[in-house]
Amino acid sequence: MASKIWKKLLFAVLIIACLFNITMKLVQRNSFKEELQSSAEFVQNILNSDDNTLNNVNEGI
């Protein structure tokens, strides 16, 4: 009898935890503008580092 109560109680806690997790993920989403900005900065950093690498190679020749 006690095992059925514990099973129902833990199942309810699990459902509440899952709903809380889903709610937090929906609330804390990044905006599309922020995602585009961070992607553009990342690509710009990669292009700058590639240009610096090419310049260093060309100066060494």
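**Exercises on a predicted helical chain**

L9 counts as partly exposed because its relative accessibility is 45%, where buried means under 20% relative accessible area, exposed over 50%, and partly exposed in between (1.4 Å probe, protein chains only). The model is predicted: local features need pLDDT of at least 70, side-chain atom pairs count only at pLDDT 80 or more, and totals for chains, interfaces and linings use all residues. Residues are numbered from 1 along each chain, and side-chain values use heavy atoms, without hydrogens and water.

**Exercise 1.** Locate L9 and describe its helix.

*Solution.* Step 1: L9 lies in helix α1; helices are DSSP runs of H or I with at least four residues, numbered from the N terminus. Step 2: α1 covers residues 2-27 and reaches 37 Å from first to last C-alpha, close to the 38 Å expected at 1.5 Å a residue, taken over one less than its number of residues.

**Exercise 2.** Determine how α1 and the chain are covered.

*Solution.* Step 1: α1 has 0 buried residues among its 26. Step 2: across the 61 residues of the protein chain, 0% are buried.

Methods:
Helix = DSSP H or I, 4+ residues; strand = E, 2+ residues; numbered from the N terminus.
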